[in-house]
Amino acid sequence: MKIERQWGISLLAILAVGPGLMLNSALTPLQGLLQKTLDSSSYPSIIPILTGTIAFALFVPLGPFLRHKWGDKTTYITSACISLLGVLLSLISTKFIVFEAGRVLQGMGAGMALMMMLPMLVLAFPISRRNLALLILIGGFYGSSMIGVCFGTLVSHTGHWKEIFYVAVVCSILAILLGYTLLSNEGTRHAKEKAHFDWMGFVWAGIFALLTAFTVLSLQKWGGSSIYVWIGLGGSVLSFLFLFITEYSTTKPLLSFKLILHKKPLLAILVVITGYIAMTLSLASLQGILKTVNTLPNKEMVIVYLCLLVGVAVAAILSCLLYDKLGPGILGMLGALLIIGVNLTWMYAGDHKPYTFFAISFFVLILGVGFTIASGLMGAALGGPLPDLVPRMATVQFLRMIAYAAIPVISSYLLNRFSEHHLTNGSSEGVSEQSVEKSQLLASHDLFFSSFSASLVLLCFSFLMALTGKGHKLAHKPHHGRNEEGKENSLSNEEVVQSPQPPPLYTKDAVIPDHDYRKALQKFKQLKQTQTNDDVFREALKKFREK
C-alpha cells in the first residue's frame, strides 16, 4: 500500500523527534527510581533531564545546515542512528556516566531532525490543506511530551523504567527503515554554493547552554542563596549577550536573532514560554495533591492521566480548524482563559475531590496549553517573511528548549521552598507526618497562585499579539483553482470575451503557489531564500509571466 507523501513525512517527523520529547518529559517523575537503579548516589538526579534537553536545543540549528550539505535522506538517517545509539546506551547502562552519554546522543539526534523535518512537514501538504500540518505538530510533538508524562508517572509505580526506552528503540528503528525507503537526498545546496557554518555562533551557543545547565543544577543542589547560582546566572547572561552580538553582526548566523526582533515573533516566543511555565506549575500542583491526599487506585490513576492525551488530541483538532479563522492572538487568549479557569478552581476548591474532578482539570489544562503552543509556534513561524521561516524557527526552537530545560527545575525548587516555609511556620506543633502533608498541600496551592499569575501575563501577551493581526494563513485556496472557478462562472453567465486576457499578475496580498515560486527561483537563480523577501519573489514572478 502506497503512503501519500504528506502522511509519510508526518510519520517520519514524529518518529524522529517524538521519542526525544517523550523521554525528556518521562524522566522527571523517574528521578528517584533512576537514583536507586543506577550507581548515581553522588550525582544529582536532574542531570539526565538537563543534558538531554540542552543537547536537543544546541543541535536544533544544525539540522538545516546538514540538510543542505548532505541532503534529506542522509541527514535524517544519520540523526536517527545517533538517537538509536543514545537510547541503546541508556537502556543497557548500569553506570550513571553511560546513561548520561546516551542521553546526550539521543538529544543530539532528535535536535538535528527537528528543524529539518518541520519545513518538509509543512511543504508536504497541499497549500489548501496545510492546516493539517498543525494537527501533526500539536498531536505528534506535544502529544509525545504528554505520553512521556503519562508513561513516566505510571512506570514510577511499577519500578521498571526501561519499558519506555524500549518504545524509543522501536521508534528509532522504524525511523531508519522508513527514512531509507521514503526519502531521497533532495534539499542540498546548489553545486556552486559552498556551505558555510557559523562556528563562532555554535561555540557561544554551547557556552550559554552549559552555563544555563550549571545554574539550574546549582539551584537544585544548593538553593537560591548559593553563590554558585549567581555566578552561573551572571555567566549565562553575559554569554547570551555575546551570542546575541555575534549572531546579530554576522551575515550567515547560526541563530538569526534579527528575524525574531519583530512584534509578532517576539510575542509568540513569550506566549510559548509563559504557557509552559503555567502548565508546569499547575501540573506539579495537581500531581502533588494526587500524591499526598488523593491516592488513587491504579485503574483510576490511568484514567486521570489518559485525559492528558485526550486533551492533546482535542487541542490538535481544534487548533487545526480554528487557527486560520481566529489567528494566533485570539487562540492564545482562549488557551490562557482555560488555564486561568483551572487555577481559579483549585485555588478555592478543597483537596479531597473525586478522580473525575482531577481528570477534567488535566483535560482542560492540557487543552489550554495546546492552544498556546499552537498560537506561539505558528505565530512565530508565520509572523514574518515566509522565505525566512526556517532560520527564524530554528532560533525560536533553540530558545524554547533552553527554557524548557530550566523551568521544571525552577518549579520543583519553588515547590520545595513553599513547603519548607509552611512547615517552618507550623513548627510549634512539632514536625509530624500530618504537618508535612499539610505544608505540601499549602505549597501546591501557592503554585496554583503562581500559575494563575503566569496565566494573566500569558493573556496579556496573547492580547498584544492579537493586535498585530492574524498574519499569514496556513491554508489557502490555490490560484489555479480560483482561475478555474472564474472561468466556470463566466461560462455560466454566458459572458463572451472577444480577446484573450493577459495572465493575472500577483498583487501584494496574493498568495504565490509553490510551483510558480520554485520556477521563478530557478529562472532567476535566486537560490538564497533567506536574503530575499516576498516583494522580490512577486516581482520575479511578474517578469517571468510577462516572458
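**Close-up A. Lysines over tyrosine rings.** The charged end of lysine 73 sits over the ring of tyrosine 180, 4.0 Å from the ring centre. To count as sitting over a ring, NZ of Lys or CZ of Arg has to be within 6 Å of the ring centre and within 35 degrees of the ring normal. Lysine 258 does this with tyrosine 248, its charged end lying 5.1 Å from the centre of that ring. A quick note for every view: this is a predicted model, where local features need pLDDT of at least 70 and side-chain atom pairs count only at pLDDT 80 or more, while totals for chains, interfaces and linings use all residues. Numbering runs from 1 along each chain as its sequence is written, and side-chain values use heavy atoms, with hydrogens and water left out.

**Close-up B. Phenylalanine 99 meets tryptophan 161.** Searching the whole structure turns up 21 aromatic pairs. Rings of Phe, Tyr and Trp (its six-membered ring) pair if their centres lie within 6.5 Å, and planes under 30 degrees apart are called stacked, over 60 edge-to-face and the rest tilted. With centres 5.6 Å apart and planes at 90°, the rings of phenylalanine 99 and tryptophan 161 make an edge-to-face pair. This pair ties together distant parts of the chain, 62 residues apart: phenylalanine 99 belongs to helix α6 (residues 96–124), and tryptophan 161 to the loop between α7 (131–158) and α8 (163–182). Helices here are DSSP runs (H or I, at least four residues), numbered from the N terminus. Phenylalanine 99 and tryptophan 161 are both buried, meaning under 20% relative accessible area, with exposed being over 50% and partly exposed in between (1.4 Å probe, protein chains only).

Close-up D. The whole-structure search comes back with 0 disulfides, a disulfide being a pair of cysteine sulfur atoms within 2.5 Å. For cysteine 150, the closest cysteine sulfur is in cysteine 307, 9.4 Å away and too far for a bond. Cysteine 150 is buried, with a relative accessible area of 4%. Cysteine 320 is buried as well, at 7%.

Close-up E. The structure has 1 salt bridge, where the rule asks for a side-chain nitrogen of Lys or Arg within 4 Å of a carboxyl oxygen of Asp or Glu. The partners are arginine 67 and aspartate 72, whose closest N and O atoms are 2.5 Å apart. Arginine 67 counts as buried at 18% relative accessibility, and so does aspartate 72 at 3%.

Methods:
Helix = DSSP H or I, 4+ residues; strand = E, 2+ residues; numbered from the N terminus.
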